[in-house]
Amino acid sequence: MSDIKVLLNESDIPTHWYNVVADMPKPPLPPLAPDGNPVTPEQMLAIFPGPLLEQEMSGERWIPIPEEVRQIYKQWRPTPMFRARRLEQMLGTPAKIYYKYEGVSPAGSHKVNTSVPQAFFNKMVGITRLTTETGAGQWGSSIAFAGQMFGIEVRVYMVKVSYNQKPFRRSMMQTWGAEVFASPTDMTNAGRTALAADANNPGSLGLAISEAVEEAASRKDTNYSLGSVLNHVCLHQTVIGLEAKKQFEKVGDYPDMVFACCGGGSNFAGTAFPFLADKAAGKKVRLVAAEPSSCPSLTKGVYAYDFGDVSGYTPLMKMYTLGHDFMPPSIHAGGLRYHGDSPLVCQLYNEGLIEAVAVPQIATFEAGVQFARAEGIIPAPESCHAIRACIDEALRCKQSGEKKTLFFNLSGHGHFDMASYDKYFAGELVDYDYPEAAVKEALKRLPKIAA
Ligand SMILES: *Cc1c(COP(=O)(O)O)cnc(C)c1O
């Protein structure tokens, strides 16, 4: 066996997703309607298919993965895990570093792990169209690919700044047959309202969500699809951690610490939750979410019920939030610019079962370039956050002489993000700490929930 690359067989692709709810100390807090009552399944059925809603609310530990979905997973799963020996040497650390690489998927990131089952379950209930939003374009391409696999039309509202900055992500979606519009558009009330207030509105993830949800709610043949945050999305991503555990078993090792970058939380959840099951069973393992200092929802946000979008169309979810009207600074990790986080991740963070660190932008690119020069793979700017956090720990081990085993998920490749690397090389990137005052200000605009 290679001492660099840990491969599994096709038969090792999980047959079930792992539902962390079964191992949580307290049941998850339900999404609420603005009147303070839990949202009813009927309300959610307007935009989500029944099987996904069942998963959303399930307390079952194991949820079967349909064979049709496993067939498509087989195209890139199991994904490889690597021992980063060259990076270890470069850092001079006694720590062992492993990473799993999700960039081998058709769309280049972990997001297809959920876009494929989402398209499948929508198809199953007779839905023929899906709407969604995309920031940097990773989710849009993933759902475009999945829609194509199951013969479902896909319409993507792409945040306008990204639409202009990332034309090749748009071409990718169009290659897989999706329609792509720069959000805000004049096709929805949410978009028209935003444009009336500011014709040059650059768009945001929250606003694009409003547009996609509005359209899905207004058409019977159309559902909405979300690339992160929700319980069923976190669930689908657990194939990452489940495979990783098998890979560690194969090399006879086990991580002391697990790192994953955290935008809406599904990548972190998918990587860390299967290890949390071991932790619940008494094993010692630290799980660390890495987020940008410019969008620090876990480390600086407030734990409160808030909307998932700008216009307040979504149910209220209890999460660490920077406020639903948060306008992100234009950082280059587009996939990490969400104002909140998965309610599951937030509840576990609140209970002290997982940890979070915020890392500044320039240091993340520094880590990404160091990683690329050691290991060859050019990481997505989002993934660079996990690499930074992991390298920082490896350097602490160098100081202390500890021989920890560190593991991170490399959520995607950066081949469509080279313009951001260019800016880094040109010294044009800036660090931006999201100010405490802005968090306090956003608190005032949190939705008031009827008692
Ligand atoms: C979208 C994205 C993320 C963030 O994912 P979440 O699951 O929302 O935290 C991380 N890495 C890559 C490569 C992405 O495309």
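A definition before we start: axes are lines fitted to C-alpha atoms, for helices over the stretch in contact, and angles run from 0 to 180 degrees between N-to-C directions. Contact means heavy atoms within 4.5 Å. Helices (H or I, at least four residues) and strands (E, at least two) are DSSP runs, numbered from the N terminus.

Now the ground rules. This is a predicted model, where local features need pLDDT of at least 70, side-chain atom pairs count only at pLDDT 80 or more, and totals for chains, interfaces and linings use all residues. Residues are numbered from 1 along each chain as its sequence is written, and side-chain values use heavy atoms, with hydrogens and water left out.

The whole chain, quickly. It has 19 helices and 15 strands.

What is its strand order? It is an open sheet of four strands, ordered 8-7-6-9, with parallel pairing. Pairing here requires at least two DSSP bridges between two strands. Strand 8 (179-183) and strand 9 (222-224) are the edges, each pairing on one side only. From one strand to the next, the twist averages 25 degrees.

Take the pairs in turn. Strand 7 (residues 153-159) joins strand 8 through five bridges. There, V159 is partnered by S183. Six bridges link strand 6 to strand 7, and T131 stands opposite R155. Strand 6 also pairs with strand 9, over three bridges; L130 has N223 as its bridge partner.

Where does helix 6 sit? Helix 6 (residues 138-150) lies across strand 6 (129-134) and strand 7, at about 160 degrees to strand 6. Strand 6, helix 6 and strand 7 form a right-handed β-α-β unit. Right-handed means that, with the strands pointing away from the viewer, the path from the first strand over the helix to the second runs clockwise.

Last, strand 6 itself. Six of its six residues are buried, so strand 6 is largely enclosed by the rest of the structure. Both faces are covered: R129, T131 and E133 on one side, L130, T132 and T134 on the other.

Key
Buried means under 20% relative accessible area, exposed over 50%, partly exposed in between (1.4 Å probe, protein chains only).
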